[in-house]
Amino acid sequence: MNTDTRAVKSKKIGLALSGGGVRGVSHLGVIQALMDHGLTFSHISGTSAGAVGAAFFAEGYAPKEILQIIKDARLLKLLRPALGSTGLVSILNVRTIFQKYIPHNSFDKLKTKVTIASVDLGESKLVYFTEGELDIAVLASCCLPGLFRPIIIDDHMYVDGGILNNFPVDPLVGNCDLIIGSSCNHLPIVTEIKSFGGMIDRAAMIAINSSLNAHKILCDVVIEPHGLGSFGIFDTDAADEIYAIGYNEGLKTIAGNETLKNFLASGKA
């Protein structure tokens, strides 16, 4: 590879990461493929699973390290019943993962600028977090309404940013020389759905994806791994396979996308 990585790194590259449950592990594979070709990022935005990946990567963890953290965390065991409230379970115990791996818990101390998308349920509006406590902002972005109890920040109720923007490209527009979007919710055509959970998951993804194209056009490059629609949002046992799908799609895009090839060529010695 003849790319002068110093020239590429001098460019401001933005990276937008969609939500999508454990399918978001594919973002880590995509990031690794981009890094293997000398790309680094000046600003990362994320919703839900994308917010998790953005936070840990911006702290300095390598994609494979983040994959291992996710596999070791056993997130479902950290959930606690919240019956009788506005959700079935609480995800606040997941803060222990952040306490262990990102103890400073601050946007300002991350190595890369991060923007986290969430929804203010009471005011019915999209909110972008860029400062304050990192862990609670990320958990707010992951808080699927109906399943998880809303996260309270300054007396406001926050839930999953995917309700209004599952692909938060907007914060990168005008601030980057190149915007790369990684979306993990490509849905294949199916002829049957075999479970209630599968039906709910697909219906939710169809609704969330309805605004996807409007955000895709804001990207210079979109990487959208196919084959992820068969994985459920909590299918953590498939994390390695999902990572590999993302990595391979990243390599495929680098090889075939003219915008990205031209950008990389601009950094050649």
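## A quick tour of the predicted chain

The protein chain exposes about 12,600 Å², and carbon and sulfur atoms supply 54% of that area. Keep in mind as you look around that this is a predicted model. The chain holds 10 helices and 11 strands, and buried residues make up 50% of its 269 residues.

**Contacts across the chain**
- Take the contacts between residues at least 6 apart in sequence: 73% of them join residues at least 24 apart.

**Helix α2**
- Helix α2 covers residues 25–36, which is 12 residues.
- From its first C-alpha to its last, α2 reaches 17 Å, close to the 16 Å expected at 1.5 Å a residue.
- Of the 12 residues of α2, 10 are buried, so this helix is largely enclosed by the rest of the structure.
- The buried residues of α2 are Val 25, Ser 26, His 27, Leu 28, Gly 29, Val 30, Ile 31, Gln 32, Ala 33 and Leu 34.
- After α2 comes Gly 38, with a positive phi near 85 degrees.

**Val 52 in helix α3**
- Val 52 sits in helix α3, which spans residues 49–59.
- Leaving aside residues up to four places away in sequence, Val 52 touches Val 138 and Cys 142.
- Ile 116 is 64 residues from Val 52 in sequence, and their C-alpha atoms are 9.1 Å apart in space.

Definitions and conventions
Residues are numbered from 1 along each chain as its sequence is written. This is a predicted model: local features need pLDDT of at least 70, side-chain atom pairs count only at pLDDT 80 or more; totals for chains, interfaces and linings use all residues. Side-chain values use heavy atoms; hydrogens and water are left out. Helices (H or I, at least four residues) and strands (E, at least two) are DSSP runs, numbered from the N terminus. Buried means under 20% relative accessible area, exposed over 50%, partly exposed in between (1.4 Å probe, protein chains only). Contact means heavy atoms within 4.5 Å. Accessible areas come from the Shrake-Rupley method with a 1.4 Å probe; for residues, only the protein chains shown count as cover. The expected span of a helix is 1.5 Å times one less than its number of residues.
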